[in-house]
Amino acid sequence: MTAMPQLVAALHSFVGLAAVLVAFGTFRNHAAIGHLDSLLMAELAIGSFIGAITFTGSVIAFGKLQGVIGSAPLQFAGQHWLNLVLALAMLALGVHFFLTGGLLSFGLMTLLAFLLGVLLIVPIGGADMPVVVSMLNSYSGWAASATGFTLGNELLIITGALVGASGAILSYIMCRAMNRSIINVIFGGFGSDESAEAQQVPEGMTVKSAAPEDAAFMLENAGRVIVVPGYGMAVAQAQHAVAELYSLLDAAGVEMKFAIHPVAGRMPGHMNVLLAEADIPYDVVFEMEGINPEFPTTDVVLVIGANDVTNPAARTDKASPIYGMPILDVDRAHQVFFVKRSLKPGYAGVDNLLFYQDNCSLVFGDAKKVCEQLVQALS
């Protein structure tokens, strides 16, 4: 499950590359027998440039998710103007190909689309990668649908359109949940204030650490506990240990719930799948909007590797890459125990201000081992 997001991105790249290859193969076959018409050339141009953008964009997304490429946004002066120039040049070459059927204009248009796919994804930071995966899913659907028109395959047209439309809708829903503009994400932070300085951790503030036994004592004596799972739980494959913890606390009469952020993990629904795999009851799993009002009256929150989606900087730091993203309000609970391997920033590359609050203690270690130690202490 931890590698599933990058696998999805890789599969998207296959769809994009297939669309490009089908477009060029169809062009050569029809050109050889002199059956190139305007409608076919329009289909070839659309399929090729959507496929090319999908291919290179998905390769970059794979690299970011796999850690081959840094997750921080790569931005440079004039990048949006460069993207605009490339898009206009690609459009002009597409029109020229449509009018003349020239292989050179077709090839140049596709090469520019490959380059544009790279430039569209590299400026997008780690915090927005779940939306990128969903967006590339939509692109791959449209590429498949365009290929269906080229091949005269109605089934491919229909399935591609379904994938493209559903991916676009999901991307829009996720952007709303993150307080992001879909245009902002697609164009790599368009309109962001790059001159602002990021908020620094206040001087003199340090983190507090706690042993698993301390956390177990607080959990056992709490009236209400909320668990916030994140990518750290997925990496450690700690979901079954978390399920044991839930069973023990539930049997002890502790009200226990799970809070899921829309973009927790690396792709939509990542945490929901893991909790379902561990047989956590559906009626104790809540989405962000439903659970956030309960944090101020919650005795203990146990965060398992959910870094960026619990960072108060999203509310206070206008220069932060995650500013404006709705977060789980764990900082408003009475006590927070944060299970984490180290103080290394989350996927967005932002220091979590929650660590420095008086009501937060870090339990350092592998999530699975820590949860097993909690279970042992409670037992």
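Helix 3 and helix 4 are roughly antiparallel to each other, a description that applies to angles over 145 degrees, whereas angles under 35 degrees count as roughly parallel, 65 to 115 as roughly perpendicular and the rest as oblique. The model is a predicted one, in which local features need pLDDT of at least 70 and side-chain atom pairs count only at pLDDT 80 or more, while totals for chains, interfaces and linings use all residues. Residues are numbered from 1 along each chain as its sequence is written, and side-chain values use heavy atoms, with hydrogens and water left out.

The axes of helix 3 (residues 79–100) and helix 4 (residues 103–121) cross at roughly 155 degrees and come within 9 Å; axes are lines fitted to C-alpha atoms, for helices over the stretch in contact, and angles run from 0 to 180 degrees between N-to-C directions. Helices (H or I, at least four residues) and strands (E, at least two) are DSSP runs, numbered from the N terminus. The contact (heavy atoms within 4.5 Å) involves, among others, Leu82, Leu86, Met90 and Phe97 of helix 3 and Phe106, Met109, Leu112 and Leu116 of helix 4. By class, 16 residues of this contact are nonpolar, 5 are polar and none is charged, where Ala, Val, Leu, Ile, Met, Phe, Trp, Tyr, Cys and Pro count as nonpolar, Asp, Glu, Lys and Arg as charged, and the others, Gly among them, as polar.

Helix 1 (residues 4–33) packs with helix 5 (residues 129–151) at an angle of about 25 degrees, their axes being 9 Å apart, and the two helices are therefore roughly parallel to each other. Residues of helix 1 in the contact include Val8, His12 and Val15, and those of helix 5 include Val133, Leu136 and Asn137. This contact of helix 1 with helix 5 has 9 nonpolar, 6 polar and no charged residues.

For helix 10 (residues 239–251) and helix 14 (residues 367–378), the packing angle is about 25 degrees and the axes lie 9 Å apart, which makes helix 10 roughly parallel to helix 14. Among the residues making the contact are Glu244 and Leu245 of helix 10 and Lys368 and Glu372 of helix 14. The contact of helix 10 with helix 14 comprises 9 nonpolar, no polar and 3 charged residues.

The structure holds 8 salt bridges, each a side-chain nitrogen of Lys or Arg within 4 Å of a carboxyl oxygen of Asp or Glu. One of them joins the side chains of arginine 224 and glutamate 255 (3.4 Å, N to O). Arginine 224 lies in strand 1 (residues 224–229) and glutamate 255 in strand 2 (residues 255–260), so the pair ties together parts that are 31 residues apart in sequence.

The chain averages a pLDDT of 86, and 91% of the residues score at least 70; pLDDT is the predictor's confidence in each residue, from 0 to 100. Over residues 190–199, pLDDT stays under 50.
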